[in-house]
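Me: I'd like to go through this model with you, a piece at a time. Could you keep the terms clear as we go?

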Amino acid sequence: MLEAVVLEQFVEGLPREMADWVKCRKPPNLEAAVRLAEEHLAARTENPRRSQPGECEQEHEEAADVVQVLPSTSDTGKRKSDLQSDTIRLQSPAKRQRLSMPGSEESIILSDVKSIMTFVHERLNDQDKLSDFLKKKISDLETDKRELVGVIGKTGAGKSSLINAIIKEKNLLPSGSVSACTSVMIKVEANTRSTKYEAEIEFITKEEWKDELWSFCQFLDNNEDQDKEYGDYRDAVEKLTALYGEEWKEKSSENLMENKYFKEIPEFLQSRRKILRCESANELSAKCVKYTRSDSKQGEGNEGKKWFWPLVKCVTVRVPNKSLLQHVTLVDLPGNGDCNKSRDQMWKGIVGDCSTVWIVTDGNRPASEKEAWEILESVSSLIGNGGECQQIHFICAKSDLLDDSDDLSRAHIHDRIVMRNQQAKDGVRKEFNKRSKIKKHFTDGSFKVFTVSSKEFLKGKHLSPEETEIPKLQGFLQELNDCHSEIVNYVSGAYGILALIQGANSGGVDDKKGEVCSELERHMILQLANINKEMEETITAFEKCLNDGVEKSKRSYGEKLKNFLYHGKKGGAFHMVLKCVVKNGGVHKPKNGTLINLNMKLASCLTDSIDEKFRETFPNDSECGAFNGVIKSFSLNTDSLIEKYKNTELQLRFLKTEEEKIKAKLNRMIREQKKKVYSSLTETIENIMEEGYKKAAEFRGEGTLCNMRETIKNHVHSKKDMFEQAKNTMLEKLRSLRRDILEILETTMKESFECSFKTDGSLLPDVSTELDMVKKRYDELPGTPDDEVSLTGVADQVETAEAWTQTGLTRGSAV
């Protein structure tokens, strides 16, 4: 009785709007009321726009006063600090993360609905199957997928300056040094946990560095003087000198693993990540340099200075107060991957996960910029059929630079820059249309060209901000951030769960449950049969394409081998190239130059045979492909059943949201699995070739080149059935994907049917108030509950986003 009085007094003492908000959630005790009040205060503090000017500050002051004079909680056995601690503990990391961010009206809706679902979750008991099912469904509502934008370009192209300008952090990523370049992968995202600038440094393992050291020593010891100008030789020397100075020349690989060399980075020895925290971008940048940059000039003040970038796998930089990056991560990627297997595996994974790729070049004539196009061609299969890239942005950086501009007026300089930039765009688009290797994976609509000047954007000497095109890229990122579907998915799912709880509580539907369930199950069987039929037809079409690819591979592999192995008839420096190829499993990534991959050459007829069908079946920019398309068309026809069985509307409403959730889940799964399906052709060839590469790598001394050539050639001749094996592996992966899709659909929906219509709901709480509130929030949201958002529309809306950027507003701030 006393606790009820204290609870009522506490709620009545809250500011009016907060009191109404807490009352409608019917907190069962003082502890729950305090938690709800704190959550409301936190959400409104970060999102004050829905109050009138002046009201927000007043409410915060009143609420703060209430928190300071909270009634004694001795009856509940907890102090105020304990209650606050429990509140923080009960909130998921994603929830705490969002409350720390400035948000739009949509994020306020999300915060409100999450508070409701937390409250409902606590009221569900642990006594019955249906409650367990509902608790799991509430927990499964939490998702947090980030969109990755990969930034690729040659050394000195201006990637770091571009990223700095776009996120308005002038000195975050170091740039401008001709002799230094970014050597490791750098991710840039919003810091949603604190107001500090942070860098999280992930190292390769001790075992990986030990293997790399051994390879370096073997490589350096077995090279003649004439080979010392070769790029990989210089690369090995640069890495060793960066970490050990000149000491490595007198030490064995075992000696170089002694702990004394790593005393400044104990995290490397302990297989932990190193965290740097700073108050400013300048300070963090200075601390990060030794972990991210290589400097070819080790002298002139750098004597004795250690550089740890050879040991670094990835650096994640987190920047405070950057709502633009709340759901987007920019990734500064080294051009070709890395000879270190761990770094290379991460590089391939990140490249394949990028929904957008920026190719950055600083050329005055970008259409003829050879290296930029070579980079794009080398990654096209990894980001296209082998990835999920929807947009390629070809970015011509440093577009303000003009030769012989000293004698021109400011107006003439402006006009010449604008004209030159338009000519550059036209030239790049024409060049794109000539690149058949890229166009196998991407259409004209997915290729955009930008002429960008980070310097002019900051200084504005000759160009307006709009003409630098930085605002266009910012607008694209803002749209990409806003298209994040977490809010719609969460609110939609919550609406469905509350509908099921309320439906299970309502009477008068028992006589119809069996009939409705039978109709649903019958309809699902028909739908599953249709999905199976269409997918099997698709797999049969792939088999036909692959059969053609196998025959072409058998006819052409000899010529492909000859063209590769006898690239330099007299040997020359080619023996060094081939030595690197066989040492690295058929792949060679020169520091400067085009990626060499013998496995891809051997698999090229197979991949060429299925590229068109694969893009049609697994498109990156929509859901209209064969596999995704049949998932999208899957429907239990719940709308018509709602019309027929009015009393079961709430249960059917839940099944409709479950249907959307499982389709989104399957589309995510297809997107991930299709990468493995596509890459299986080359990977099978690589695995079969491994034995031959190892034998070829063992040769030393006179005749090495000839012996390596013969070994590789003989191995391929003896394993020519590898093309058939690659075909069978890919088909089995497709069939396995089909089986998984059908099984997940059937088991998930059957469980939902059973819990909706065959389980007693008498022990469930009344959630009629919560259902009304969430339905109202659901109706306020734009869009549909679908996890897959195409970026094609995002790119088309860049101009609109640019207008928002220029006015200094976001969509949320206009509400």
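Me: At what angle do helix H7 and helix H30 pack, and how far apart are their axes?

Reply: This is a predicted model, in which local features need pLDDT of at least 70, side-chain atom pairs count only at pLDDT 80 or more, and totals for chains, interfaces and linings use all residues. Residues are numbered from 1 along each chain as its sequence is written, and side-chain values use heavy atoms, with hydrogens and water left out. Helix H7 (residues 105-123) and helix H30 (residues 768-780) pack at about 155°, with axes 10 Å apart; helices (H or I, at least four residues) and strands (E, at least two) are DSSP runs numbered from the N terminus. Axes are lines fitted to C-alpha atoms, for helices over the stretch in contact, and angles run from 0 to 180 degrees between N-to-C directions. H7 is therefore roughly antiparallel to H30, a term for angles over 145 degrees, while under 35 counts as roughly parallel, 65 to 115 as roughly perpendicular and the rest as oblique.

Me: Which residues of H30 does H7 meet?

Reply: Glu-770, Met-773, Val-774, Arg-777 and Glu-780 of H30 are met by H7 residues including Ile-109, Asp-112 and Arg-123, where contact means heavy atoms within 4.5 Å. By class, this contact of H7 with H30 has seven nonpolar, no polar and five charged residues; Ala, Val, Leu, Ile, Met, Phe, Trp, Tyr, Cys and Pro count as nonpolar, Asp, Glu, Lys and Arg as charged, and the others, Gly among them, as polar.

Me: Changing topic, how many salt bridges are there?

Reply: The count comes to 52 salt bridges, each being a side-chain nitrogen of Lys or Arg within 4 Å of a carboxyl oxygen of Asp or Glu. One of them joins the side chains of Lys-129 and Glu-754, at 2.5 Å from N to O. That pair links distant parts of the chain, since Lys-129 is in helix H8 (residues 129-139) and Glu-754 in helix H29 (residues 722-757), 625 residues apart.

Me: And the sheet, what is its strand order?

Reply: Nine strands form an open sheet in the order E5-E4-E7-E3-E8-E1-E9-E10-E11, with mixed pairing; two strands pair if DSSP finds at least two bridges between them. The edge strands, E5 (274-278) and E11 (447-451), each pair on one side only.

Me: What packs on that sheet?

Reply: Helix H9 (residues 159-166) does, touching E1, E3, E8, E9 and E10. The axes of H9 and helix H20 (residues 470-482) come within 10 Å and cross at roughly 70°, so H9 and H20 are roughly perpendicular to each other. The residues of the contact of H9 with H20 divide into six nonpolar, one polar and no charged.
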